[in-house]
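Hello,

Here is the structure for you to look over. My notes on what turned up follow below.

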Amino acid sequence: MASSLRGEVLNLYKNLLYLGREYPKGADYFRSRLKAAFLKNKDVKDPEQIKQLIARGEFVIKELEALYFLRKYRAMKQRYYTDN
């Protein structure tokens, strides 16, 4: 694997690990699933396939951010608005 792709993969892992701290099922659950997903693909050598996996990981980051934003929005809505 090229060193630039290695750096991207490590950066992706760090970002996902950071986002997993507030996962609804718990950080430990998220960390174990994340590690399993990365170990499953550790033998991939093709740069194009690695780029596809990185893109998939970035999509997961966007989904997690949307999940957290929606959860925060719902909490704020419950605090300030009453359903009548």
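**The largest pocket**

The largest pocket has a volume of about 920 Å³. Its lining counts 28 residues, and those closest to the pocket centre are Leu 16, Leu 34, Ala 37, Phe 38 and Asn 41. Helix 2 gives the most, with 9 residues. By type, the lining splits into 19 nonpolar, 7 charged and 2 polar residues. Please keep in mind that this is a predicted model.

**The core**

Next, the nonpolar side chains. The largest nonpolar core has 8 residues. They are Leu 12, Leu 16, Leu 19, Phe 30, Leu 34, Ile 61, Leu 64 and Tyr 68. Helix 1, helix 2 and helix 3 each supply at least two residues of this core. In soluble globular proteins, nonpolar side chains tend to be buried together.

Leaving out residues up to four places away in sequence, Ile 61 touches Leu 12, Asn 15, Leu 16 and Leu 19.

**Helix 3**

Helix 3 has 34 residues. From its first C-alpha to its last it reaches 49 Å, close to the 50 Å expected at 1.5 Å a residue. Which residues of helix 3 are buried? They are Ile 50, Ile 54, Gly 57, Ile 61, Leu 64 and Tyr 68. An α-helix has 3.6 residues a turn, so residues three or four places apart point the same way.

Glu 65 lies in helix 3. Is Glu 65 buried or partly exposed? Glu 65 has a relative accessible area of 44%, so it counts as partly exposed.

Met 76 and Lys 35 are 41 residues apart in sequence and 33 Å apart in space, C-alpha to C-alpha.

**Leu 17 in helix 1**

Leu 17 is found in helix 1. Why is Leu 17 classed as partly exposed? Because its relative accessible area is 32%, and buried means under 20% while exposed means over 50%. Leu 17 touches Arg 31 and Leu 34, again not counting residues up to four places away in sequence. Along the chain, Leu 17 and Arg 6 are 11 residues apart, and 16 Å separates their C-alpha atoms.

Best wishes

How values were computed. Residues numbered from 1 in each chain as written. Predicted model: local features only at pLDDT ≥ 70, side-chain atom pairs only at ≥ 80, totals over all residues. Heavy atoms only, no water. 1 Å grid on protein atoms, 1.4 Å probe; cavity = no way out; pocket = protein on both sides within 12 Å on 5 of 7 lines; lining within 4 Å. Points joined across faces, edges and corners; volume = space filled by probe spheres on them. Helix = DSSP H or I, 4+ residues; strand = E, 2+ residues; numbered from the N terminus. Nonpolar A, V, L, I, M, F, W, Y, C, P; charged D, E, K, R; others polar. Expected span 1.5 Å × (residues − 1). Buried < 20%, exposed > 50% of the residue type's maximum accessible area, 1.4 Å probe, protein only. Core = buried A, V, L, I, M, F, W, Y, C linked by side-chain atoms within 4.5 Å. Contact = heavy atoms within 4.5 Å.
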